[in-house]
Amino acid sequence: MEYFNHVLFIWLNAPAQPAASVLFGAVFLAEWLIWSIPIYLGAGWLLGGRQLRKSVLIAGVAALISLAIAQALGSWWPHPRPFMIGLGHQLVAHVPDASFPSDHLTLWWAVTLGSMTQRCTRTTGSVMALTGIAMAWARIYVGVHFPLDMLGAFVVAMAGAWLSWYLAPFYMPAAYSLAQRVHLYLFGALIRRGWVRE
């Protein structure tokens with residue numbers, strides 16, 4: 001399995017001198033696109049109604065569960081990243097920590113799959129799923145992850161999204177109430193002016 005992981009990595013990893021346009025796209029997907037997750041969750045909460053806010057909470061809880069599982073796996077089995085064993089070309093800086101599973105893709109897929117469990121965000125989740133495939137390629141292309149790190153992230157995110165959906169009836173009333181109180185406290189002035197939904 002490790003041999004297959006290495007061979008597939010070499011096939012997908014960037015050449016020594018990649019085209020500037022391809023490199024720009026890969027770095028954007030690998031490093032910067034992840035910041036759309038907090039924007040998506042924040043905008044969904046601030047601009048959405050009750051159902052959208054509940055969907056955002058489910059996606060957020062899926063992310064927390066999935067990242068906790070990913071951290072536990074990384075501590076239990078600290079698999080090295082490609083550049084730590086001198087394999088391929090590394091095009092972005094990264095700390096030499098455990099590669100499996102990818103935290104980037106775990107977060108992305110957890111929010112994606114968590115969104116897909118809810119009818120009001122299913123279309124958004126489907127678009128994010130396609131983008132997640134591109135992000136997975138990019139993380140390999142820039143040399144910071146192996147292909148199996150991406151597969152591991154998907155499996156972990158599936159588990160986290162399922163747990164978040166399954167346990168929602170137990171945590172949602174308290175979580176929604178708390179989030180709503182925080183929302184009213186932080187944005188009370190903007191709500192009174194009509195700039196943010198109550």
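Throughout this description, a residue is called buried if its relative accessible area is under 20%, exposed if the area is over 50%, and partly exposed in between, as computed with a 1.4 Å probe on protein chains only. Serine 75 is exposed by this criterion, with a relative accessible area of 61%. The structure is a predicted model, in which local features need pLDDT of at least 70 and side-chain atom pairs count only at pLDDT 80 or more, whereas totals for chains, interfaces and linings use all residues. Residues are numbered from 1 along each chain as its sequence is written, and side-chain values use heavy atoms, with hydrogens and water left out.

The chain contains seven helices and zero strands, where helices (H or I, at least four residues) and strands (E, at least two) are DSSP runs numbered from the N terminus. Read along the sequence, the pattern is accordingly α-α-α-α-α-α-α. The C-alpha trace spans about 55 × 35 × 30 Å along its principal axes, and 42% of the 198 residues of the chain count as buried. With contact taken to mean heavy atoms within 4.5 Å, 78% of the contacts between residues at least 6 apart in sequence join residues at least 24 apart. Serine 75 belongs to helix H4, which covers residues 50-76; its C-alpha atom is 9.6 Å from that of phenylalanine 100, a residue 25 positions away in sequence.

Two helix pairs involving H5 were examined. Two packed helices are described by the angle between their axes and the distance between the axes. Here the axes are lines fitted to C-alpha atoms, for helices over the stretch in contact, and the angles run from 0 to 180 degrees between N-to-C directions. Helix H5 (residues 103-116) packs against helix H6 (residues 122-141) at an angle of about 165 degrees, with the axes 8 Å apart. H5 is therefore roughly antiparallel to H6, given that angles under 35 degrees count as roughly parallel, over 145 as roughly antiparallel, 65 to 115 as roughly perpendicular and the rest as oblique. The crossing of H5 and H6 is left-handed, a term used if the near helix is turned anticlockwise from the far one by less than a right angle, the clockwise case being right-handed. Residues of H5 in this contact include Trp108, Val111 and Thr112, and those of H6 include Gly125, Met128 and Ala129.

Threonine 112, which lies in helix H5, is buried, with a relative accessible area of 0%. Residues up to four places away in sequence not being counted, threonine 112 touches Gly125, Met128 and Ala129.

Helix H3 (residues 36-47) also packs with H5, at an angle of about 30 degrees and with the axes 10 Å apart. H3 is thus roughly parallel to H5. The contact is formed by Ser36, Ile37, Tyr40 and Leu41 of H3 together with Leu107, Trp108, Val111 and Ser115 of H5. H3 passes H5 in a left-handed crossing.

Six aromatic pairs are found in a search of the whole structure, rings of Phe, Tyr and Trp (its six-membered ring) being paired if their centres lie within 6.5 Å, with planes under 30 degrees apart counted as stacked, over 60 as edge-to-face and the rest as tilted. Tryptophan 137 and tyrosine 141 form a tilted pair, at 4.9 Å centre to centre and 35 degrees between the planes. Because these two residues are four residues apart in helix H6, tryptophan 137 and tyrosine 141 are separated by about one helical turn. Tryptophan 137 counts as partly exposed at 32% relative accessibility, whereas tyrosine 141 counts as buried at 8%.
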